[in-house]
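Please look through the sequence and the structure shown below, and keep both at hand while reading the briefing that follows. The points are grouped by topic.

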Amino acid sequence: MVEMTEMTNWAVDLIGVRKRYRGGVDALRGVNIQVGQGEIFGLLGPNGAGKTTLVKIMMTVIRPSNALGTILGRPIGNSRKLARIGYLPESHRFPPYLTGAQLLNYYAALARVPRKLRKSRSGDLLERMGMSKWANTTISKYSKGMMQRLGLAQALMNDPDLIVLDEPTDGVDPMGRRDIRELLLDLKKQGKTVLINSHLLGELEMVCDRVSILVDGLVARQGTLKELTEQSKEYRIVVDGDLAPLDAQVKSIGGRVMTGAVMLRGHDSEKVNAVIDLLRQNGHLIESVEKRRFSLEDVFVKAMASAATAPNSAAQGQTSRAGSKVNR
Ligand SMILES: Nc1ncnc2c1ncn2[C@@H]1O[C@H](COP(=O)(O)OP(=O)(O)O)[C@@H](O)[C@H]1O
Ligand SMILES: [Mg+2]
């Protein structure tokens with residue numbers, strides 16, 4: 001019983017989601033994803049990983065082969081809760097002959113915004129997306145970035161509690177991507193929950209509270225950025241001269257000799273000083289000491305590589321994570 005009440009605290013709590021498309025493609029092979037309320041959650045993964053499939057299942061666009069769990073505290077597909085979700089589909093198309101303002105008025109009607117408020121609501125959202133200038137231009141003249149902004153405005157029309165964005169930065173220029181990041185942070189400030197799908201990393205790292213890396217229909221990694229990059233700290237000590245003679249001594253401290261540099265796992269300042277002392281005692285000139293941490297991108301690439309070589313290891317990670325969630 002305790003578990004039940006805890007589960008409903010997640011804005012999104014998906015358990016064992018599977019999808020086999022007709023024709024036999026296993027797009028999702030048992031995915032567990034938990035998104036906290038008020039969190040910006042990044043669902044990351046390469047093309048074909050199953051991100052869009054998962055979102056479509058959440059939005060009831062397609063049926064899962066298997067799925068348990070809740071969205072906003074109710075089972076997937078609950079129509080009242082669906083009305084509390086904003087959705088930007090991947091590669092969406094709007095009628096090209098409508099203007100941005102006309103399109104939003106139409107969506108306002110769909111979202112049951114009272115007639116009197118529709119125009120101002122549409123106007124506010126266009127303004128917020130920096131699209132006021134283009135309000136009365138037909139969509140056929142919009143660039144990809146403008147289409148995405150309009151799509152985002154549409155997704156916010158029902159003032160949703162949960163916003164699901166599938167590749168929102170697709171085709172958007174760097175300025176626009178920054179605007180989108182700011183919008184996401186703004187939504188978070190208002191207490192909204194955001195689930196964002198992306199195959200691009202750099203731009204998401206900055207705003208996501210937690211991420212899940214989906215590879216080949218399975219969650220390969222899930223956690224905060226800090227958790228995912230925690231075991232990836234190192235020092236790089238750049239030195240002149242031939243380091244080969246020091247190989248054994250560097251190793252005994254825990255480092256590795258490379259050409260022109262010594263690498264040291266972790267951020268242990270005593271160890272790095274021991275290496276520096278050793279190098280200097282042997283007449284080497286230290287050129288720089290870099291304190292490094294792998295980026296999410298490195299973690300991402302590693303997750304993909306290990307999933308490719310050992311498909312079952314990702315599945316096992318998935319099971320143990322699901323187990324620990326239940327025992328919380
Ligand atoms: N309608 C469909 N019918 C058959 N296979 C599909 C369909 N849609 C997607 N797939 C396949 O499912 C897998 C996951 O696709 P998708 O969810 O679009 O991934 P992502 O959004 O991460 O790029 C891919 O192998 C894709 O080819
Ligand atoms: Mg996709």
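In this predicted model, helix H4 is followed by Arg112, a residue whose phi is positive, near 60°. Helix H4 itself covers residues 100-110, and Gly100, Ala101, Leu103, Leu104, Asn105, Tyr107 and Ala108 are buried in it.

- As background, nonpolar side chains tend to be buried together in soluble globular proteins.

- Tyr87 lies in strand S6, which is made up of residues 85-88.
- Is Tyr87 buried or exposed? Tyr87 is buried, because 22 other C-beta atoms lie within 10 Å, and the cut-off for a buried residue is 20 or more.
- If its neighbours within four places in sequence are left aside, Tyr87 is in contact with Met59, Ala155 and Val164.
- Val164, with its neighbours within four places in sequence likewise left aside, is in contact with Val55, Met58, Met59, Ile85, Gly86, Tyr87 and Leu195.
- Pro114 stands 27 residues from Tyr87 along the chain, and the C-alpha atoms of these two residues are separated by 20 Å.

**The surroundings of ligand 1**

- Which residues surround ligand 1? The shell consists of Tyr21, Gly23, Val25, Ala27, Gly45, Asn47, Gly48, Ala49, Gly50, Lys51, Thr52 and Thr53.
- Sorted by class, this shell has four nonpolar, seven polar and one charged residues.
- Helix H2, which spans residues 51-58, gives the largest share of the shell around ligand 1, with three residues.

**His284**

- His284 is placed in the loop between helix H11 (269-281) and strand S14 (286-293).
- His284 counts as partly exposed because 18 other C-beta atoms lie within 10 Å, whereas a buried residue needs 20 or more and an exposed one has 12 or fewer.
- Between His284 and Ser232, which are 52 residues apart along the chain, the C-alpha atoms are separated by 27 Å.

**The whole chain**

- The protein chain contains 13 helices and 14 strands, and buried residues make up 37% of its 328 residues.
- Its C-alpha trace spans about 80 × 50 × 40 Å along the principal axes.
- The chain is divided into domain 1 (2-228 + 298-326) and domain 2 (231-293), and the centres of the two domains, taken over C-alpha atoms, are separated by 43 Å.
- Among contacts between residues at least 6 apart in sequence, 69% join residues at least 24 apart.

**Confidence in the prediction**

- The average pLDDT of the protein chain is 88, and 91% of the residues score at least 70.
- Over residues 311-328, pLDDT stays under 50, and for this stretch the model has 19 contacts beyond four places in sequence.
- Where pLDDT is low, the predicted coordinates should not be read in detail.

Definitions and conventions:
Residues are numbered from 1 along each chain as its sequence is written. Chains are lettered from A and ligands numbered from 1 in the order in which they are written. A residue is near a molecule or strand if its C-beta atom, placed from the backbone, lies within 6 Å of it. Helices (H or I, at least four residues) and strands (E, at least two) are DSSP runs, numbered from the N terminus. Ala, Val, Leu, Ile, Met, Phe, Trp, Tyr, Cys and Pro count as nonpolar, Asp, Glu, Lys and Arg as charged, and the others, Gly among them, as polar. Two residues are in contact if their C-beta atoms, placed from the backbone, lie within 7 Å. pLDDT is the predictor's confidence in each residue, from 0 to 100. Domain bounds come from an automatic or database domain assignment.
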